[in-house]
Amino acid sequence: MMNHPVIAPLSETANSSGQVLDQLCVNALRVLAMDAVQQANSGHPRLPLGAAPMAYVLWTRYLRHNPANPSWPNRDRFVLSAGHGSMLLYGLLYLTGYDLSLDELTRFRQWGSRAPGHPERGLTPGVETTTGPLGQGFANGVGLAMAERFLAAHFNRPGYPLVDHYTYGLVSDGDLMEGVSAEAASLAGHLGLGKLIYLYDQNGISLAGSTALTFSENVMAHFAAYGWQVEQVEDGNDVEALDAALERARADETHPSLICVRTHIGYGSPHKQGTFEAHGAPLGEDEVRLTKQQLGWPETSPFSVPDEALAFFRQALAQGAAQEATWQQRLEAYRADYPALADAYERVLAGDLPGGWESVIPRFAPGDGPMATRKASGKVLAALAPHLWNLVGGSADLNPSTNTALAGRLSATTYLPPFSGGRTCYTGRSRGSMGVGRPECAFRGARARNGGYPEWAGLAWGLDRLWSYLPRLLRLHASPDAPGSAHGSGR
Ligand SMILES: Cc1ncc(C[n+]2csc(CCOP(=O)(O)OP(=O)(O)O)c2C)c(N)n1
């Protein structure tokens, strides 16, 4: 840490001490990203340079989290869908006080470091989901928001909003070009997932050139048509405009929100700002020095963070502890009024299944005669449904062909707003998003499953890589003899 008096503000308008502190904190994020990528001689420094202000506003003004306890169940989720900009996330985690030291940042992208090239869930405290394949973080966030609505419907009671967190994400041009994002966005709009809010780093540059070469769709109109609330922030450095847009997004409880933020990739870099060249490369020693000058950053050793900036970010520790304590008190009061529900809530978070649940699974013997696997799957699901209330899922417009709607007492309920605990989810033809969104449900307490045809597994193969990182997942998809997969043998 350095003892750092207030530096010259970058913006002419930064005339109050609050604005100067904002600039200092935003630039601390930028500088950490530049220094880490430079030290590693590998990585993507330029997304963090452009997107730092939106991340700063979200993380210091809105995100409800406790860096000392990354598993607090009701924390807001943050998904960096553009995982190649990982240093932005690691900077936020370090600065707000997660168990990720500055030393780890100096070893960014090195063997054994907890700051790998792309964020990995389970490796780095505070990383909610593994990202890197563009578009998949987008869809994962939809899964997280779906899980939140499901658990809220099941557990919340008047005066006890036990489950009421937001899911935020940062998405890029590349993310929105991916088909899986379109599927997931359509589903999120249809379901009215009002607690899902994405910031779109709209810098008009992707890996191989300007988006003018490839991507001219009217994203705002597109998302409005999906049923999203859309906002445009013209200047990605305008923290107050970002703040106002987030406020409006949060106020809309029935539509997911996309905040399109115009930014400059590589902001502050005299020779690289706004260019696509050297996409995944360090800026170079000279350019880092020039960029720091441009940002008004003093010549200091790499990884220097001003005391004021660190202290400001670290307020998250006290705030987060207080927020979690308030929630714990709520949980205790809830336990007094609803002991059985409180018990069920804790069991589901722990991943417990009711004792003997396997015993209800029907057995099929060769002597029973031939049976289509989809039929057998339907019987298994029907048997499990009354015992596993949190078995959520469905098919991509295939039930009744694949028997994936839950039969039995609870079958009539559909996962649709206003959410009341329905667990048969109709994903339409959103096969990719069904695959990506589903595992997120799984580690959030809901047990997820989907049904499809084996050929469709190809639509989800890329996702398997991602799933392999995710714990506590009942992998029922693309496995011909697993309940819930409903792969057709008798078509
Ligand atoms: C599915 C997928 N295809 C390709 C890539 C390789 N890749 C990494 S970043 C990137 C594009 C970067 O453009 P954008 O998402 O707009 O990010 P920015 O240029 O703003 O950093 C690509 C194609 C990837 N990560 N995922």
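Predicted model: local features only at pLDDT ≥ 70, side-chain atom pairs only at ≥ 80, totals over all residues.
Helix α6 gives the shell around the ligand its largest share, three residues.

In total, 19 residues surround the ligand. The closest are S172, D173, G174, S206 and L207. Two elements, α6 (173-177) and β4 (205-206), each supply at least two residues of this shell. Sorted by class, the shell holds seven nonpolar residues, eight polar ones and four charged ones.

Now let us turn to strand β3. Is this strand enclosed or open? Seven of the seven residues of β3 (residues 196-202) are buried, so the strand is largely enclosed by the rest of the structure. In a regular strand, side chains alternate between the two faces of the sheet. Here, L196, Y198, Y200 and Q202 point one way from β3, while I197, L199 and D201 point the other way. The residues on both sides are all buried.

| Strand paired with β3 | Sense | Bridges | Bridge partners |
|---|---|---|---|
| β2 (residues 167-172) | parallel | six | L170 and L199 |
| β7 (residues 257-262) | parallel | six | Y200 and C260 |

Reading along β3, L199 is the bridge partner of L170, and Y200 has C260 in β7 as its bridge partner. L199 and Y200 also point opposite ways from the strand, and both are buried.

How values were computed. Residues numbered from 1 in each chain as written. Near = placed C-beta within 6 Å. Helix = DSSP H or I, 4+ residues; strand = E, 2+ residues; numbered from the N terminus. Nonpolar A, V, L, I, M, F, W, Y, C, P; charged D, E, K, R; others polar. Buried ≥ 20, exposed ≤ 12 C-beta atoms within 10 Å, placed from the backbone. Pairing = 2+ DSSP bridges.
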